[in-house]
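Welcome! Please have a look at the sequence and the model, and then read on.

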Amino acid sequence: MERQMFPVYDRASEILNALPGGILLTAAANGRTNTMTIGWGTLGMEWGIPIFTAFVRTGRFTRELLDANPEFTINVPVGQFDRKILGFCGTKSGRDVDKFQELGLTAVPGVEVSVPAIAQLPLTLECRVIYRRAQNPDAIPPRFLEKYYPQDVGSDATGSNRDFHIAYMGEVVASYLLQP
Ligand SMILES: Cc1cc2nc3c(=O)[nH]c(=O)nc-3n(C[C@H](O)[C@H](O)[C@H](O)COP(=O)(O)O)c2cc1C
């Protein structure tokens, strides 16, 4: 499959505008490749390098994979695509199901990282985790604490639950559009 490389900030608005509708974060470790829907993230710069930061709750299967192999890809839909992919990957855990297999997702080997891109969501950022930061509950504004961290909801809930997020800051080491 062809890759059309681009400087990452050239498509920043497209990537950020896609976030509210959901994009995918893919991770791989211990013989498993898994992807999950994310709606939160930032693209910016620190230490003179481009960084995509994803916010992953501590109980997600994805968190286990990221901690075992600190690399991920960001997979953004372009044009027509099957929206049920985002629903499925945002409500099923890789602990219970192989999402690639269930959805027939096509894994395309990464260039700079050991985690694949996904043909069906072709706008791709390859990222290497260079810093991670657990959120401090005491520093979160109360209105967000109540809304996003209900302490009576267990960690296995795929939506909001009692778990706080870890910010995974990934250096963007490649950015491209997959082309059939
Ligand atoms: C639109 C949407 C956005 C989401 N955004 C996030 C997010 O930014 N961070 C997060 O931890 N979970 C988020 N989720 C929930 C995860 O995608 C969901 O819990 C998923 O099942 C986790 O998969 P895993 O257990 O295989 O890692 C989102 C779900 C949806 C539907």
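The residues of the shell around the ligand divide into six nonpolar, 10 polar and four charged. In that count, Ala, Val, Leu, Ile, Met, Phe, Trp, Tyr, Cys and Pro are nonpolar, Asp, Glu, Lys and Arg are charged, and the others, Gly among them, are polar. The shell has 20 residues, of which Gly39, Thr62, Gly90, Ser93 and Gly94 come nearest to the ligand. A residue is near a molecule or strand if its C-beta atom, placed from the backbone, lies within 6 Å of it. Two or more shell residues are given by each of β3 (32–38), β5 (49–57) and α2 (61–68), and β3 gives the most, with four residues. Helices (H or I, at least four residues) and strands (E, at least two) are DSSP runs, numbered from the N terminus.

A word on the model itself: it is predicted, so local features need pLDDT of at least 70 and side-chain atom pairs count only at pLDDT 80 or more, while totals for chains, interfaces and linings use all residues. Residues are numbered from 1 along each chain as its sequence is written.

**The whole chain**

Stepping back, the chain has five helices and 10 strands. Its radius of gyration is 16 Å, close to the 16 Å that the globule rule gives for 180 residues, so the chain is as compact as a globular protein of that length. The radius is taken over C-alpha atoms, and the globule rule is 2.2 Å times the number of residues to the power 0.38. Along the principal axes, the C-alpha atoms fill a box of roughly 45 × 40 × 30 Å. Of the 180 residues, 29% are buried. Buried means that 20 or more other C-beta atoms lie within 10 Å of a residue's own; exposed means 12 or fewer, partly exposed is in between, and C-beta atoms are placed from the backbone.

**Strands and their partners**

In β2, six of the seven residues are buried, so the strand is largely enclosed by the rest of the structure. Two strands pair if DSSP finds at least two bridges between them.

| Strand pair | Bridges | Example |
|---|---|---|
| β2 and β3 | seven bridges | Leu24 with Thr37 |
| β6 and β9 (residues 123–134) | six bridges | Val76 with Leu123 |

β2 and β3 also form a hairpin with two residues between them, and Asn30 in the turn has a positive phi of about 55°. On β6, Glu71, Thr73 and Asn75 point one way and Phe72, Ile74 and Val76 the other way, and all are buried.

**The nonpolar core**

Which residues touch the most other members of the largest nonpolar core? They are Leu24, Leu25, Ala27 and Ile74, in a core of 31 residues. Strand β2 (residues 23–29) gives the largest share of this core, five residues. Such a core is a set of buried Ala, Val, Leu, Ile, Met, Phe, Trp, Tyr and Cys residues joined through C-beta atoms within 7 Å.

**A residue in β10**

Finally, turn to Ile166, which is placed in strand β10 (residues 165–179). Ile166 is partly exposed, with 18 other C-beta atoms within 10 Å. The C-alpha atoms of Ile166 and Arg63 are separated by 8.5 Å, although the two are 103 residues apart along the chain.
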